[in-house]
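Here is a short briefing on a metal site and the ligand beside it. Keep the structure open as you read.

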Amino acid sequence: MSIQFHEKTLALLAEQLAEKAIDSTQLISKIAQFQIAVPSWALGAGGTRFGRFSIGGEPRNLEEKLEDIGLLAKITKRTDAVSLHIPWDIPQDVEAVKQQAVSLGIGFDAMNSNTFQDYGQPLSYKMGSLSSADSATRKQAIEHNLQVIEVGKSLGSKGLTVWLADGSNFPGQVHFRKALQWTTESLKKIYSGMPSNWKLLLEYKPYEPNFYHTVIPDWGTSALICRQLGERAKVLVDLGHHLPNTNIEQIVATLMHQNMLAGFHFNDSKYGDDDLSTGSIKPYQLFLIFCELIGGSADGAQAWDSISWMIDASHNVKDPMEDLIQALEAISQAYAKALLVDRKKLTQCQNDGDVVGAQEVLQAAFLTDVRALVREARIQSGGEAEPLAFYRNEKIREKLIAKRGKNAQASGL
Ligand code: PSV
Ligand code: MN
């Protein structure tokens with residue numbers, strides 16, 4: 001799209017919004033401020049247990065992952081942090097990594113531990129980690145998390161995300177209550193090893209890799225554990241970690257009501273899990289989630305700044321950089337649309353029992369084409385007007401392949 005056409009579209013939208021007493025300048029600056037972290041594991045081609053198809057030029061080490069995120073930050077201006085996964089991303093030279101991050105304008109978001117795989121550690125996690133019936137295995141898993149905190153401290157991170165794969169595949173395999181108890185006790189030790197300005201983000205997931213029971217299957221179990229840890233432990237909502245048709249916006253509202261929402265892993269799904277691009281399947285759901293977030297923070301239920309934002313998707317066939325550009329755009333659009341909701345009118349409709357009116361209010365916002373606002377926010381921040389077109393026109397993947405090779409791939413999901 002030419003810059004002239006963009007300006008025309010923006011002016012028209014600004015005029016339409018002004019009629020509703022909405023100031024587009026303020027909207028643009030809110031959109032520009034909203035930053036979403038990118039996980040280090042999203043930069044390589046994903047895959048399934050049936051196979052992985054390399055696209056070439058994938059980052060081979062931490063430095064190259066940072067390079068990719070730096071580029072995304074530069075062209076989209078929608079991300080300013082990376083979330084690292086240990087042991088996949090252990091920095092060899094902490095000072096050099098920190099300097100590189102500063103020069104690229106990116107910081108270190110929450111650290112992720114890994115007790116769902118064996119990677120040469122003395123005791124296997126096959127039968128669980130923080131919930132294992134074997135106390136030595138639990139101890140090893142706790143110590144791993146404490147080491148992750150140390151790495152995070154050295155880089156300037158302020159959070160630890162724990163996703164626990166622990167669970168069982170057959171009835172009778174695991175004692176439910178003992179597993180929950182051991183998990184809680186293990187997490188208490190990890191929580192007390194965190195600096196006082198850190199938060200612990202506790203993820204939940206109903207199934208996979210275990211298919212009968214998962215120790216932390218849902219937001220309620222995660223919240224129960226967090227309550228026993230302390231106020232800096234909160235629930236992380238990964239959009240893909242719900243059974244089909246779960247009302248995620250209601251979960252968000254409930255957690256905010258209790259000031260217990262740690263943050264998000266954005267993605268989308270048709271059947272289950274988290275491997276489709278954010279906003280590609282259920283953009284209305286994403287919008288409704290943002291409506292709850294904006295409403296909850298405006299009402300003072302939970303402060304906007306206390307919530308962490310991250311993408312967590314590892315798809316199969318796309319160029320990961322292109323996928324991340326699309327995801328960042330989809331999230332910005334959902335946020336921008338939710339900012340347009342006439343909250344006063346919505347409250348009025350709710351109080352009057354005006355069901356039709358309430359739906360009209362939400363859909364008027366959702367159906368507004370906000371792309372000009374998102375584009376303008378990016379331009380004003382110094383990013384590319386059209387990051388995807390820029391990425392393709394500049395032949396960035398081809399350049400990465402030329403530099404890193406056709407079959408490059410670091411460890412990661
Ligand atoms: C597995 O489902 C998962 O995607 C979790 O959501 C974690 O956040 C991520 O892997 C990395 O550990
Ligand atoms: Mn996740």
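Along the sequence, the donor residues of the manganese ion (ligand 2) follow the spacing E-x34-D-x26-H-x46-D. Two of them tie together distant parts of the chain: Glu 203 and His 265 are 62 residues apart. The model is predicted.

**Manganese site**
- The protein donors are Glu 203 (OE), Asp 238 (OD), His 265 (ND1) and Asp 312 (OD).
- These donors lie 2.1 to 2.3 Å from the manganese ion (ligand 2).
- The site has six donor atoms, with angles of 69 to 161 degrees among them.
- Its geometry is octahedral.

- Glu 203 belongs to strand S7 (residues 199-203).
- His 265 belongs to strand S10 (residues 261-266).
- Both Glu 203 and His 265 are buried.

**Surroundings of ligand 1**
- Ligand 1 is surrounded by 12 residues.
- The closest are His 85, Glu 203, Lys 205, Asp 274 and Asp 312.
- By class, the shell holds five charged, four nonpolar and three polar residues.

**Polar contacts of ligand 1**
- A side-chain N or O atom of His 85 is 2.7 Å from an oxygen atom of ligand 1.
- For Glu 203, a side-chain N or O atom is 2.6 Å from a ligand 1 oxygen atom.
- Asp 238 places a polar side-chain atom 3.0 Å from an oxygen atom of ligand 1.
- Ligand 1 exposes 310 Å² when taken alone, and the protein buries 95% of that area.

How values were computed: Residues are numbered from 1 along each chain as its sequence is written. Chains are lettered from A and ligands numbered from 1 in the order in which they are written. This is a predicted model: local features need pLDDT of at least 70, side-chain atom pairs count only at pLDDT 80 or more; totals for chains, interfaces and linings use all residues. Side-chain values use heavy atoms; hydrogens and water are left out. Donors are N, O and S atoms within 2.8 Å of the metal (3.2 Å for Na, K and Ca); water is not among the atoms, so sites may look incomplete. Four donors count as tetrahedral if all angles lie between 85 and 135 degrees; four count as square planar and six as octahedral if opposite donors are over 155 degrees apart and all others between 65 and 115; anything else is irregular. Helices (H or I, at least four residues) and strands (E, at least two) are DSSP runs, numbered from the N terminus. Buried means under 20% relative accessible area, exposed over 50%, partly exposed in between (1.4 Å probe, protein chains only). A residue is near a molecule or strand if one of its heavy atoms lies within 4 Å of it. A polar contact is a pair of N or O atoms within 3.5 Å; within protein, one must be able to donate a hydrogen and the other to accept it, and residues adjacent in sequence count only if both atoms are side-chain atoms. Accessible areas come from the Shrake-Rupley method with a 1.4 Å probe; for residues, only the protein chains shown count as cover. Ala, Val, Leu, Ile, Met, Phe, Trp, Tyr, Cys and Pro count as nonpolar, Asp, Glu, Lys and Arg as charged, and the others, Gly among them, as polar.
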